[in-house]
Amino acid sequence: TIPRQIGLFDRVAALYVLDRGPYVGLPGVEAWALPHRDARTYAGPWPVVAHPPCERWGRYWDGGPSKCARRTLGDDDGCFEAALESVREWGGILEHPEAAHAFRAYGLGKPPRSGGWVASADGVGYVCCVEQGHYGHRARKLTWLYAVGTELPGLVWGPSEALLTRGEVYASEAERRRAVKTGAVQRMSRRERAATPAAFREVLLGIARSAVWRRRETA
């Protein structure tokens, strides 16, 4: 976390979050949770933590082996584009799964899997890759972050020791075989896979709040 005192007006908007999820009800956090609030209409003024839907951007954007309807890559009703505009306009951070097609589609670039912040290919923000397994998720859950107008804290980089879950993409065939052999492959509910661990949530909120601090320091 960023070592700074949080004040009364260090408010953050959490966009596209789960109803009854880890952002709802937190002091200083304005939660935009569907179906109650459409985050595409967010018009400021707070910096944001954005979790736009990833179903139509991930590895299984077409529905996977059990698909029963025709899907279109990137057909998310404009959620990712709106989230990106919010981060660029108000400052903050956007989170999406590692290797999500949206980063390429919007020219954000591909951060190194080994970790560390690098300049985004769009010339506006910074990107990195981090595993949520370091922050309490039962899966490794590789995640790409895009930040604009914030401080860029050091995170826990590299592979985590979290259990690998069924359906996760492995770095190698040897890694997959080890997971099967040791019993590390296990099932998780869809909601559990999507949930943000409390420790990681606090990291994201701290990064977003740093956009407020930076505005004050440069005002």
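Two strands are taken to pair if DSSP finds at least two bridges between them, and the elements themselves are DSSP runs numbered from the N terminus, with helices (H or I) of at least four residues and strands (E) of at least two. This is a predicted model, in which local features need pLDDT of at least 70 and side-chain atom pairs count only at pLDDT 80 or more, while totals for chains, interfaces and linings use all residues. Residues are numbered from 1 along each chain as its sequence is written, and side-chain values use heavy atoms, with hydrogens and water left out.

On these terms seven strands form an open sheet with mixed pairing, in the order β2-β1-β3-β4-β7-β6-β5. At its edges stand β2 (29-33) and β5 (118-119), each of which has a single partner strand, so one side of each is left without a neighbour in the sheet. Strand β4 (residues 92-97) runs antiparallel to β7 and is joined to it by six bridges; Gly 92, for example, has Val 148 of β7 as its bridge partner. Helix α1 packs on the sheet and touches β1, β3, β4 and β7, where contact means heavy atoms within 4.5 Å. The direction of α1 makes about 150 degrees with that of β4, the axes being lines fitted to C-alpha atoms, for helices over the stretch in contact, and the angles running from 0 to 180 degrees between N-to-C directions.

A nonpolar core is a set of buried Ala, Val, Leu, Ile, Met, Phe, Trp, Tyr and Cys residues joined through side-chain atoms within 4.5 Å, and buried means under 20% relative accessible area, exposed over 50%, and partly exposed in between (1.4 Å probe, protein chains only). The largest such core has 25 residues, and those with the most contacts inside it include Leu 15, Phe 80 and Tyr 146. Two or more residues come from each of β1 (12-17), β3 (48-50), α1 (79-90), α2 (101-105), β6 (126-131) and β7 (142-148), with α1 giving the most, six residues. Apart from this core lies another, of 22 residues, among them Val 29 and Leu 204.

Six salt bridges are counted, each a side-chain nitrogen of Lys or Arg within 4 Å of a carboxyl oxygen of Asp or Glu. One of them joins the side chains of Arg 88 and Asp 122 at 2.8 Å, N to O, and links helix α1 to the loop between β5 and β6, across 34 residues. Arg 88 counts as partly exposed, at 35% relative accessibility. In the salt bridge between Glu 131 and Arg 140 (2.7 Å, N to O), by contrast, Glu 131 is buried at 4% and Arg 140 is buried at 5%.
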